[in-house]
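Visitor: I am new to reading structures. Could you walk me through one?

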Amino acid sequence: MKSSTGLQLDTVSSTTPSRNSPPPPQFDTPTFLMCAPQWYDVDYVINPWMAGNLHRLNRDLAFAQWRELHRQLQLIADVRLIPAVQGSPDMVFVGHTAVVQHGVAAVSSFAHPERRVEEQPVRRWLKDHGFLLWETPRETAFEGEGDALFDANGKLLWAAHGVRTCLQCHRHLAQAWHLPVVSLHLVDPRFYHLDTCFAPLSGGHLMYFPDAFDAASRVAIENAYPEEKRIAVNEEEATAFACNVINIGETVLMHKVSSDLSRRLGRLGFDVVQIDLSEFLKGGGSAKSLVLRLSDIQLQAEIAS
Ligand code: ARG
């Protein structure tokens, strides 16, 4: 079904659960979805990091690194797994397939045909686990948590455009949760997803790489986060995917950074766990993109207080 706005409402408009629908999901622990790197590879180039890395992966090492992230995450959260699909080499970056909040999953419409094969299996998994699907129109590309991140208190959604996700799609996201969406414009192709350069953290902090945004977006960010809450990373840190982190309470899981960023975060009360994720940097992602949050964002902040 298409509404007058062009929005596809198949699932949400028919939300009266049928007798066969699984119950809506309930979480009392931060819960994430992961997808093992069985079929992970750099098979094509759709971001600058993949160039030069075509078929240059060490799959065993990738598996060991992914397993370590999975192990560390399991110490502080519940982790569910979705089976990897052959022919979907980027599905390991499951964070881009949707954005979930309050049991509603806004599912992605990938910009590149290479990643569209991931949409159906993830849609099915979410539906089978009781999530309501909020479809985003194919014409307006949307790449899940890659480009849409809730503030730590869940009161607003930061959404990016300029590389993958379309600006026009932001209003569809606003309708999914009836929440304000702040649009941010990405201007550096190396930071092609919001989650490569922007990370709302617990305690009202924000870690970000200012040069990835245009001037108006930087002003919007600065208006929302006072200076003492902003953790600006430098180019060396940003290109080591320093902003692509998983934050639960005080814990921050991230790829190794060579600078003193970990100490800076430590001084603000964060407990930083560095995990070597080098094989995933070859595909253009790091810790954050390897997980999809299923529980409400506030649950992560509540752990902190
Ligand atoms: N190869 C994937 C893509 O280009 C990598 C995604 C990782 N993304 C990220 N936000 N770090 O879509």
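Guide: We start with the ligand, then turn to backbone angles. This is a predicted model, where local features need pLDDT of at least 70 and side-chain atom pairs count only at pLDDT 80 or more, while totals for chains, interfaces and linings use all residues. Residues are numbered from 1 along each chain as its sequence is written, and side-chain values use heavy atoms, with hydrogens and water left out.

Visitor: Which residues are the closest to the ligand?

Guide: A residue is near a molecule if one of its heavy atoms lies within 4 Å of it. Here 18 residues surround the ligand. The closest are Asn-47, Arg-115, Arg-164, His-193 and Asp-195.

Visitor: Which atom of the ligand is 2.7 Å from the side chain of Asn-47?

Guide: Look for polar contacts (pairs of N or O atoms within 3.5 Å). An oxygen atom of the ligand is 2.7 Å from a side-chain N or O atom of Asn-47. Asp-195 has a polar side-chain atom 2.4 Å from a ligand nitrogen. For the side chain of Asp-90, the distance from an N or O atom to a ligand nitrogen is 2.9 Å.

Visitor: Where does His-102 lie, and what is its phi?

Guide: Most residues other than glycine have a negative phi. His-102 has a positive phi of about 55 degrees. His-102 lies in the loop between strand 3 (98–101) and strand 4 (104–107); strands are DSSP runs (E, at least two residues), and helices are too (H or I, at least four), numbered from the N terminus.

Visitor: What about His-178?

Guide: Its phi is positive as well, near 50 degrees. His-178 lies in the loop between helix 5 (170–177) and strand 8 (181–185).

Conventions
A polar contact is a pair of N or O atoms within 3.5 Å; within protein, one must be able to donate a hydrogen and the other to accept it, and residues adjacent in sequence count only if both atoms are side-chain atoms.
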